[in-house]
Amino acid sequence: MKRILLFVVLLTSLVSSCGDNEVTRDPEALGHHYFPLELGRYSIFNVTETKYTNNVKQITSYQTRELINEVSTDQTGKDWYRVEVSRRNNANDVWTITGVKMISKTFTDVEVKNNNRTTVEMVFPVVETKEWNPNAFNTDYDKEEEEHNRVKFFYQDVARPFEIGGKSYANTVKVIKSVGDPSVFNYLDVYEVYSKEQGPVYRFSHDRYYCDAGPGTNCQVGSNYIISGLDRIETLTETGKI
């Protein structure tokens with residue numbers, strides 16, 4: 001009788017462990033679908049930039065394309081996807097390469113190497129309000145960057161619909177990178193929206209320095225006068241595979 005009970009306990013434990021492992025390893029449950037990576041995949045964004053200088057703004061519009069054109073494996077066995085970034089003034093112009101970034105997605109996170117710096121763009125599983133340190137792999141911060149190193153990204157509106165530019169996405173997640181504080185002169189508000197099976201569909205960034213009545217300025221604090229700044233909005237217009 002004792003042997004039978006022991007066998008039942010062991011069998012139950014084994015089944016339970018297998019089930020937990022399946023859940024842990026299930027890409028759908030983890031949220032991997034929010035950041036698809038595939039050789040030949042591309043995304044085209046309409047970009048609007050607004051540059052501020054002494055409260056005078058200059059607006060520029062253009063398109064960018066992110067194309068995955070190569071994949072390699074490092075010494076640890078991790079796959080890295082090479083993303084070629086290009087730009088053109090409008091849909092009738094030819095693409096001009098402006099940069100390259102490397103992206104790796106594992107069961108635990110998404111890492112992006114850009115300009116010799118690695119950031120953690122997502123962590124898995126994707127859970128509402130979950131936060132993480134995007135600079136977990138950066139150890140070269142000097143004292144002036146200590147405050148920046150404490151920045152936390154977090155998730156918001158997990159599995160919610162999102163609509164922009166006449167397009168609707170049924171299942172998305174918002175990655176909050178910085179929450180703008182209207183009480184400080186240096187205002188930074190940044191977030192990105194990822195859609196299931198499509199990846200990033202919207203990127204929003206307001207980086208402004210408001211009037212501080214410092215030397216050489218002719219403005220009033222609290223008047224929404226922007227001494228300098230750059231707003232950048234990217235909206236997905238096309239995605240596919242070549």
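**Entry 1**

I began with Glu38, which is partly exposed at a relative accessible area of 35%. For this label I used the following cut-offs: buried is under 20% relative accessible area, exposed is over 50%, and partly exposed lies in between, with a 1.4 Å probe and protein chains only. The model is predicted, so local features need pLDDT of at least 70 and side-chain atom pairs count only at pLDDT 80 or more, while totals for chains, interfaces and linings use all residues. Residues are numbered from 1 along each chain as its sequence is written, and side-chain values use heavy atoms, with hydrogens and water left out.

I then asked which residue forms a salt bridge with Glu38. The partner is Lys241, and the closest N and O atoms are 2.8 Å apart. A salt bridge here is a side-chain nitrogen of Lys or Arg within 4 Å of a carboxyl oxygen of Asp or Glu. I noted that this pair links distant parts of the chain: Lys241 is in strand 12 (residues 226-241), Glu38 is in the loop between helix 2 and strand 1 (41-53), and 203 residues separate them. Helices (H or I, at least four residues) and strands (E, at least two) are DSSP runs, numbered from the N terminus. Lys241 counts as exposed, at 52% relative accessibility.

**Entry 1: Other salt bridges**

I recorded 15 salt bridges in the structure. As background, I wrote down that side chains of opposite charge can pair when their charged atoms come close.

One of the salt bridges joins the side chains of Lys196 and Glu28, at 3.0 Å from N to O. This pair also links distant parts of the chain, 168 residues apart: Lys196 is in the loop between strand 10 (186-195) and strand 11 (199-210), and Glu28 is in helix 2 (residues 27-30). Lys196 is partly exposed at 29% relative accessible area, and Glu28 is partly exposed at 41%.

Next I looked up Arg203 and Glu66, whose side chains meet in a salt bridge of 2.8 Å, N to O. Because Arg203 lies in strand 11 and Glu66 in strand 2 (residues 56-73), the pair ties together parts that are 137 residues apart in sequence. Are these two residues buried or exposed? Arg203 is buried at 12% relative accessibility, and Glu66 is buried at 14%.

**Entry 2: The network and Glu49**

I found that Arg203 and Glu66 belong to a network of salt bridges, which also links Glu49, Lys101, Glu121, Lys177, Glu192, Arg232 and Glu234. I followed Glu49, which is found in strand 1 and is buried at 18% relative accessibility.

Which side chains make polar contacts with that of Glu49? A polar contact is a pair of N or O atoms within 3.5 Å; within protein, one must be able to donate a hydrogen and the other to accept it, and residues adjacent in sequence count only if both atoms are side-chain atoms. The side chain of Glu49 makes such a contact with Tyr62 at 2.8 Å and with Arg232 at 2.5 Å. Not counting residues up to four places away in sequence, Glu49 also touches others, among them Gln58, Ile59 and Leu230; contact means heavy atoms within 4.5 Å.

I turned to strand 11 and asked why it is largely enclosed by the rest of the structure. The reason is that ten of its twelve residues are buried.

Strand 11 pairs with strand 10 in the antiparallel sense over ten bridges; two strands pair if DSSP finds at least two bridges between them. Within this pairing, Tyr191 has Phe204 of strand 11 as its bridge partner. Strands 10 and 11 form a hairpin with three residues between them, and Glu197 in the turn has a positive phi of about 70 degrees.

Strand 11 also pairs with strand 12, in the antiparallel sense and over nine bridges. Here Ser205 has Arg232 of strand 12 as its bridge partner.

**Entry 3: Backbone details**

I noted a cis peptide bond between Phe124 and Pro125, with omega about 0 degrees. Pro125 is in the loop between strand 6 (117-123) and strand 7 (131-132).

Asn55 is not a glycine, yet its phi is positive, at about 70 degrees. Asn55 is in the loop between strand 1 and strand 2 and is partly exposed at 38% relative accessibility.

Ala213, also not a glycine, has a positive phi of about 55 degrees. Ala213 is in the loop between strand 11 and strand 12 and is partly exposed, with a relative accessible area of 49%.
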